[in-house]
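Visitor: Please show me the model, and then let us go through two of its residues.

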Amino acid sequence: MAGACFGGELKFDESKFELKSVQVGDRTLKFRAYEGIVYVAKPASDYEVLNFYVPEGKFDDKTTAIFMPNGIGGYMPARPQTPQLQNEKPNATLEALLRGYVVASVGARGRTLKDGERFIGKAPAAIVDLKAAVRYLKFNDKFMPGDANKIISNGTSAGGAMSALLGVSADAPEFEPYLAALGAAKASDEIYAVSAYCPVTNLENADAAYEWMFGAQTKYEKMDFSALSAAGFNDRSGKPKTVSGELTAEQKELSAALKSAFPAYVNSLNLKDAKGRTLTLEPSGEGSFKEYLKKALADSYAAAKSREKSLLKPEFFTLETQGCTLGYDFKFEDFVLSMPRAKATPAFDGLELENPENDFFGDADAAAKHFTEFSAKRGKGESADAKIIKMVNAMSYLGNKSAAKFYRIRHGAADSDTALAIPLILALGLQNAGKTVDFAVPWGQGHGGDYDLDELFRWIDRVVK
């Protein structure tokens, strides 16, 4: 392996690589592949490795930014990605190499991993591993191609949440005992920029946000987690099995209770738009925050209409007279009812500890735990440690002075796996904290990522130069 234990610390061996190539159309991309680098001195799992790729022409370049994707999905364990074509198109790792970036693709532990009878991948293992990988790159920066001071993370869904968390929680002291236990390199885990697709974050408030947005929709088509393996989460080429149904009377009551709790949370954040106007909600769920979210959806539609250069059916808009002008109002409720929910109620903290997020918050001995007071009071089982819950929520670190400066967040308009309100709150919170945020809601896009690599790398080009 390219990573070796050196005097109790990890040192990169620049001689241990394979020269590989990939044919992309008429172009042959040659690159050095340092694969299976163990990035901690005392690994808890064989998932704690990274693949380091350097395109031809960058072997001695110390200034190139490092693209750092993770394949985390469903908070499951993830192997490092390799550069390859998927459906005849480059994946993110290959696209980065084609564009001249160095790539450090990172593996990480996840919620199902066990060592004997004990779990070893529960929260906060995944983020600890990503931090350890960054520290390895920083510690070895003078020995490695690329510039470890310009690391851009990328992830989707739970991986998007971890990407955002990695950016905002740089060098947070509560992670130090976990990193020390792994023998992480003595370096910073600060990164330069974050790309996060549909981040499933802020789990303490995700149930309330989901019902505030999707409460009017009682039909659902949810993923069958019971039959889904780690490969199923991380291999998005196939369509997972779904279970269809309709909310029960009890679930509808839970939905109403959760929805009513959301305005108080939003109002506690003191969110402001780019013009400094405070975004709030009335107890009814109406208010300036909702209007802001509706505008994000309306802008998404307008962008799609402009891009397609065709008249998309304006089924979610009504023409309104505003004084002497005409305006359009986005019909939010019609939009919500146009697609089934992806989750029953509660969407994340299941009363019976049945959801993947419950599994994520287990510990070495307990498979699953609650992470909200709402479900803990109404369901069975124990609650996770409040400190752990805080550590895996990107919202906890918005004031961190070491946080990354640049963030690109995408959440598809057709994504009902998480309420749009959650990534929108994250984007606004980051913006209010002085970060540079590129947030958009692609029209027609469901839950997924890496679907706009041209746009992603144009953004990376801008922020690193």
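Visitor: How long is the polar contact that joins the side chains of Ser-163 and Ser-153?
Guide: This is a predicted model. In it, the side chain of Ser-163 makes a polar contact with the side chain of Ser-153. The distance of that contact is 2.6 Å.

Visitor: Which residue has its backbone oxygen 2.9 Å from a polar atom of the Ser-163 side chain?
Guide: Ser-163 touches several residues beyond four places away in sequence, among them Asn-70, Gly-155 and Val-194. The backbone oxygen in question, 2.9 Å from a polar atom of the Ser-163 side chain, belongs to Ser-195.

Visitor: Is Ser-163 buried or exposed?
Guide: Ser-163 is part of helix α3, which covers residues 158–168. Its relative accessibility is 0%. The cut-off for buried is under 20%, so Ser-163 counts as buried.

Visitor: With which side chain does the side chain of Thr-82 make a polar contact?
Guide: Leaving aside residues up to four places away in sequence, Thr-82 touches Glu-35, Asn-51, Tyr-53, Asn-91 and Thr-93. The polar contact of the Thr-82 side chain, at 3.1 Å, is with the side chain of Gln-84.

Visitor: What distance separates the C-alpha atoms of Thr-82 and Glu-333?
Guide: Along the chain, Thr-82 and Glu-333 are 251 residues apart.

Conventions: Residues numbered from 1 in each chain as written. Predicted model: local features only at pLDDT ≥ 70, side-chain atom pairs only at ≥ 80, totals over all residues. Heavy atoms only, no water. Contact = heavy atoms within 4.5 Å. Polar contact = N/O pair within 3.5 Å; in protein donor to acceptor, adjacent residues only side chain to side chain. Helix = DSSP H or I, 4+ residues; strand = E, 2+ residues; numbered from the N terminus. Buried < 20%, exposed > 50% of the residue type's maximum accessible area, 1.4 Å probe, protein only.
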